[in-house]
Amino acid sequence: MRVWLLALVAVALGAATQTSADPLRSGAEAVRDRALKDATAYDYVESLSVEVGPRLAGSEAAARARDWGVAKLTSLGFSNVHVEPFPITAWLRGPEEAEIVAPRPQKLAIIGLGGSVPTPPEGVEGEVALFHSYADLLAAPPGSLTGKIAVVTQPMPRATEGTGYGALNAVRRQGPSEAARRGAVAYLLRSLATGLSREPHTGALNYQPDAPKIPAAALSTIDAELIDHLAARGAPLRIRLKLASTTVPNATAWTVEGEIKGTEHPDQIVQVGGHLDSWDPGTGSIDDGAGMAIAVAAAKLAGAQNPPKRTIRVALFGAEEMDFARLAFAAAHASDNIVVIGESDIGSDRAWEVQLPAGSAKTPEMLDYAAVVAPIGVVVGPEPSRGSGDDTADLVKTGVPAFAVHQDASRYFDWHHSSEDTLDKVDRDQLNQAVATWAAFVYVAANSDIDFRALTAATSRPKPGP
């Protein structure tokens with residue numbers, strides 16, 4: 001992989017020797033080439049991983065991450081660095097354990113889902129109702145799981161686009177409530193992960209208002225397969241599960257922001273960012289330390305070539321994992337003139353495709369951008385972006401145009417939301433290639449007059465009849 005990326009760097013640097021006569025394109029090429037060699041992104045994620053580590057929203061570590069974020073953006077030269085507090089209900093993990101108690105004792109590697117209610121102190125025990133797919137669980141009739149522990153062992157497929165995660169997200173998000181509607185006393189799922197590992201992967205659940213709240217956790221992929229093998233032998237399985245957690249209803253989270261002020265249109269904002277919070281078992285290096293690093297480095301590099309015409313603003317969103325930041329950020333910035341928005345939240349590996357706001361792909365500015373990123377192995381996709389990330393989603397719903405950078409996610413879900421989310425997973429060359437992809441876009445968007453809002457509106461307007 002490193003040899004491949006170094007070859008791309010060489011191609012890009014070679015292309016840069018044939019400088020375009022178009023100053024916007026030549027400026028973007030210069031930003032791209034600088035990003036491929038720049039240390040800002042890696043230094044950012046290294047510092048965060050070592051000096052802060054895991055930072056669950058509402059925890060003491062989240063407050064340290066806030067202070068770290070302010071200091072980091074300030075040291076990188078951003079102006080108007082500030083903190084936006086917002087209220088959340090914090091969920092903090094306690095001791096967790098699970099074991100098979102019949103037909104013979106075996107410990108299980110599990111991790112509670114974010115937001116799960118705790119079990120009683122003595123735990124909960126029940127016969128396993130095993131489902132090899134989520135569809136099988138949904139097909140189970142009401143009352144069929146009374147007193148049982150529902151276990152779904154459907155595996156997640158590996159894909160460059162990471163599409164398996166989205167396809168199976170309901171297994172974790174809605175699965176606990178679906179099991180409870182059928183009478184289950186607890187819920188376990190095979191981790192939404194692509195690798196075989198004894199490390200389970202957490203993530204948030206969404207209890208539904210019409211269902212009882214039952215304890216829920218993720219099994220390691222290896223232990224999910226163990227349960228499949230045991231069940232195939234025909235003997236009934238029983239599991240005992242203990243989960244402890246604390247809920248803090250009046251906690252605070254913080255989004256940290258900084259800017260590079262525009263010289264000609266300071267009220268027009270090119271908005272980028274990643275989320276500052278992380279799950280607690282690892283150090284949050286790829287989710288979303290790397291995502292933040294990409295956005296921050298891209299903004300810094302795009303603004304360093306020369307003062308941008310439009311303001312470049314970067315946000316470190318304070319509580320993405322438990323779904324709080326999007327509402328707070330939209331409320332705080334609903335009246336801002338954000339010309340385009342993007343969120344980086346798919347790890348540290350190479351970019352391969354960019355989706356642009358509707359109607360913009362054939363503009364001279366975006367054709368220039370497509371030419372700039374082609375030498376580093378990135379294409380502009382034929383379909384427009386429908387969004388960019390969870391924290392930006394509510395603003396996009398109001399009409400803010402979004403761009404989306406797709407990165408290679410084929411190994412991301414081996415480690416995401418687990419204790420394996422650590423700094424050693426970050427490949428510097430792949431990280432810098434992603435930064436170059438972002439930085440070139442931010443540069444073009446911030447130094448042109450392209451009106452993404454008008455183009456998007458024109459594209460969505462009904463065509464006249466014959």
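**View 1. The largest cavity in this predicted model has a volume of about 70 Å³.** Rolling a probe the size of a water molecule over the atoms shows where empty space is left. The count comes to five cavities of 30 Å³ or more in this predicted model.

**View 2. Here are the residues that line the largest cavity.** Look for Arg 55, Ala 57, Gly 58, Ala 62 and Ala 65, then for Thr 252, Ala 253 and Trp 254, and finally for Leu 276, Asp 277 and Gly 318. Two elements, helix 4 (60-75) and strand 8 (238-260), each give two or more residues to this lining. Which of the elements gives the most to the lining? That is strand 8, with three residues. Sorted by class, the lining has six nonpolar, three polar and two charged residues. As you explore, try to spot Trp 254 and Asp 277, both among the lining residues.

**View 3. Three strands make up an open sheet with the order 13-12-14.** Strands of a sheet pair through backbone hydrogen bonds, either parallel or antiparallel. In this sheet the pairing is mixed. Strand 13 (379-380) and strand 14 (404-407) are the edge strands, and each of them pairs on one side only.

**View 4. A closer look at strand 12 and strand 14 shows antiparallel pairing.** Strand 12 covers residues 351-355. How many bridges join strand 12 and strand 14? There are four bridges between strand 12 and strand 14.

Definitions and conventions. Residues are numbered from 1 along each chain as its sequence is written. This is a predicted model: local features need pLDDT of at least 70, side-chain atom pairs count only at pLDDT 80 or more; totals for chains, interfaces and linings use all residues. Side-chain values use heavy atoms; hydrogens and water are left out. On a 1 Å grid over the protein atoms alone, a cavity is a set of points where a 1.4 Å probe fits but cannot get out, and a pocket is an open set with protein on both sides within 12 Å along at least five of seven lines; lining residues have an atom within 4 Å of a point. Grid points are joined across faces, edges and corners, and a volume is the space filled by probe spheres set on the points. Ala, Val, Leu, Ile, Met, Phe, Trp, Tyr, Cys and Pro count as nonpolar, Asp, Glu, Lys and Arg as charged, and the others, Gly among them, as polar. Two strands pair if DSSP finds at least two bridges between them.
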